[in-house]
Amino acid sequence: MVDVPLGAAGVPPAEVEDVELYHPKSWLTHYVFSQDAKIIAVQYSVTALSIGLVALMLSWLMRLQLAFPGALSFIDADAYYQLITMHGMMMVVYVLTALFLGGFGNYLIPLMLGARDMVFPYANMLSFWFYLLAVVVLFASFAVPGGPTGAGWTLYPPQAITAGTPGLAWGIIMMLVSLMIFIIGFTMGGLNYVVTVLQGRTRGMTLMRMPLTVWGIFTASVMALLAFPALFVGCVMMLFDRLLGTSFFMPEIIEQGARLPYGGGSPILFQHLFWFFGHPEVYIVALPAFGIVSDLISVHARRNIFGYRMMVWAIVAIGALSFVVWAHHMYVSGMNPYFGFFFATTTLIIAIPTAIKVYNWVLTLWRGDIHLTVPMLFALAFIVTFVNGGLTGLFLGNVVVDVPLSDTMFVVAHFHMVMGVAPILVIFGAMYHWYPKATGRLLSVPLGRFHFWVTFLGAYLIFFPMHYLGLMGVPRRYYEMGETAIYPQSAHDLNIFITVMALLVGAAQLVFVFNLIWSLRHGREAGGNPWRACSLEWQTPVTPPPHGNFGKELPVVYRWAYDYNVPGAPEDFIPQNQPPLAGEMAGRTP
Amino acid sequence: MHVVLVLVLVAVGSVLFHFLSPWWWTPIASNWQYIDDTIIITFWITGVVFVAVLLFMAYCIWRFRHREGHKAAFEPENRRLETGLTVITGLGVAAMLAPGLFVWNHFITVPPDASAIEIVGQQWQWSFRLPGEDGKLGRTSVERIADDNPLGLDRNDPAGRDDVVLQGEDLHLPIGKPIKVVLRSTDVLHDFYVPEFRAKMDILPGSSTYFWLTPTRTGTFDILCAELCGTGHPYMRGSVVVEEQVAYDAWLDGQQRRMIAQQDETKRQKGEVRAQQ
């Protein structure tokens, strides 16, 4: 602990003595068991990206099976369901959640707020190691007898723990345990993010001067702290059902001719617990993406984000509303049908703040000075895919429209577009944007453009036509589409087309991985602020910033993060720590 | 200006794909035309928004692209514009939600003259039960399920004595009569899904769920399972035959006679067993 002497007014001084104790002393504590949020961020990101590559390969196998049923002899029905389950769970929890909060959250929160680090560095370190342990347990389930669970990523009981589903012996236990470890790890990180935002901001950094990236990650962290416990208790209860013979989720059941010793439980209860977590989870991924993309658009369009205050309130409103929409995943689950009125209404209301965000993004482009850099390209593609996926959400959210579409490929297309493709495009944009801060070098632009075009157009061509398969009546989670009178031959051809595009888009990601590694050595030197951005992470005295971030003196903030092309300013951006210019109106901006 | 071109192409291409591609829903065979209509309304509203946003983006990127000396406008907020857009969005949302809720109310209100049938999902097959002359389905329970009683009928319930149980056979429905479909599972979740009917509902062990429909078109339709129920999920198939009342009556009559013959046979066998003892 550092004792900071207080000045006369009780305000800590800007200058803080460099304390020897505080810095890591060995290679091990510097790079491995690091308490520096930036190193933890890299650890989280590298781990999550590696899992992402595995999940991508699982999706290749799934798509190959769907396009050419039975062609790969090692993918039987059991293996197929294991593939879809692991792909889904890895992507939603272990990649997207971990990358946005553990990766970008750790890197950007302290830097953007002018803090030296997270407020609880030790818990922050533990958070990563718990995450890694959760990942190890998850991957170990590939090696246990019977393999990983094939219950679908929603893990609906009774099917998840009865015969007829692969991974009944060990896989489901490993999955539940891994999720519980992940949640414990996340809680340590999440409390850090929230407390750092509330307590760790530098002087002058009011809440309404924070970059929207921080607002998005902050709100998502609060939501995750409230939502994950529902999943945690769901996991505990299912583990008890599986191992101790309790019947939380298990009614009287005949399993392949034999009566099981369960009775009186409710499968719907699990669905409520799962989606009470699961729907906020969508926004836990989306809100950081919203925040980041707002900043990318503003920086690269050289224009203030349009309607900043509205953007903040929209993030908060979406965060709050997302806790009262969960049962829109359950319109045809057999729950009380009158719930449909309530949940359809709340779900469609959430479209309003979401639409406001879209308007403000495109209105930031309007009258901007648009630089089509690689991060900007990804941000633009995000808007396209997010608007597309968000609009199909209005189909599925509108209770009666959901009836024919639920559990079809329409749903698969929708959620991949809105919480797969769109946030991942933001992740890519953000990587191209902040890589120079983390490494001091820019990623290769030609490789980046190639990566962008194949990923954006390819992903759109995968998921846009897929909606129409669902509209036609192809259910999701089918080992093979099969023959039905209503499927024309062309539907099978479309299936093959989608698979080819999926292979292509997947291959393009290898170019990105190559770019990440190659540019580490050979990328163009970036300098401290290559994008000429206003927010604090670009104003560090040294790049990449060392432990402690800002050297001897913490920055003092005088303005919001969006002073681009301010009339009368000498340059087209004014950093947040720039004191008011001569003649600058006081109170002009938040 | 690749980006501008691509954005326009994505907008126009998506619309063309929507209208020209061969993949569309199957001709409807139930009274749920309302659902299709609501989807069409939703397609129009969302389609217009999608195209408008993309074209506006394309315009902005072309018009406000970076050139030497070009400067962005500094305008943190525009209250009138923001309020206006919020109100328009609210109206658009209401235009989708209102018909949606109206049709939902219709969907969950079973007409009093609907006749009940039962559909049972089991890994991985469909079974059906039709009420006999009395129009009532008898009680069931999981404890009573046995080899000779796969659906667990309560033999002591008089309402169930004349129930017609169909296993491994097609379900027949008369055209133009409202039907309340009562759904039951004995093992895991399933979902009774006939794409032509539009309506579908999950099936739960431990409780029963329902929906209703009126078949409006004769023909044979595939039954699919739409809720993951284990590795046999894609192969859990069946057929439903919608036919004119006369044909339906003849079929039902045949099924009832088969049931009675079967019951007599069972009784005779039991009698023989007793005689041997």
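Reader: How many of the 277 residues of chain B count as buried?

Author: Here 36% of the 277 residues of chain B count as buried. A residue is buried if 20 or more other C-beta atoms, placed from the backbone, lie within 10 Å of its own, exposed if 12 or fewer, and partly exposed in between. Keep in mind that this is a predicted model, where local features need pLDDT of at least 70, side-chain atom pairs count only at pLDDT 80 or more, and totals for chains, interfaces and linings use all residues. Residues are numbered from 1 along each chain as its sequence is written, while chains are lettered from A and ligands numbered from 1 in the order in which they are written.

Reader: Which elements does chain B run through from the N terminus on?

Author: Helices (H or I, at least four residues) and strands (E, at least two) are DSSP runs, numbered from the N terminus. Chain B has 4 helices and 10 strands, in the order α-α-α-β-β-β-β-β-β-β-β-β-β-α.

Reader: Is chain B spread out or compact?

Author: The radius of gyration is taken over C-alpha atoms, and the globule rule is 2.2 Å times the number of residues to the power 0.38. For chain B the radius is 28 Å, well over the 19 Å from the rule for 277 residues, so chain B is more spread out than a compact globule. Its C-alpha atoms fill a box of roughly 105 × 40 × 35 Å along the principal axes.

Reader: At what angle do helix 1 and helix 2 of chain B pack?

Author: Axes are lines fitted to C-alpha atoms, for helices over the stretch in contact, and angles run from 0 to 180 degrees between N-to-C directions. Angles under 35 degrees count as roughly parallel, over 145 as roughly antiparallel, 65 to 115 as roughly perpendicular and the rest as oblique. Helix 1 and helix 2 of chain B pack at about 165 degrees, their axes 8 Å apart, and are therefore roughly antiparallel.

Reader: How many residues of chain B are in contact with chain A?

Author: Two residues are in contact if their C-beta atoms, placed from the backbone, lie within 7 Å. By that test, 77 residues of chain B are in contact with 93 residues of chain A. Helix 3 of chain B gives the largest share of chain B's side, 14 residues. That side divides into 46 nonpolar, 20 polar and 11 charged residues. Here Ala, Val, Leu, Ile, Met, Phe, Trp, Tyr, Cys and Pro count as nonpolar, Asp, Glu, Lys and Arg as charged, and the others, Gly among them, as polar.
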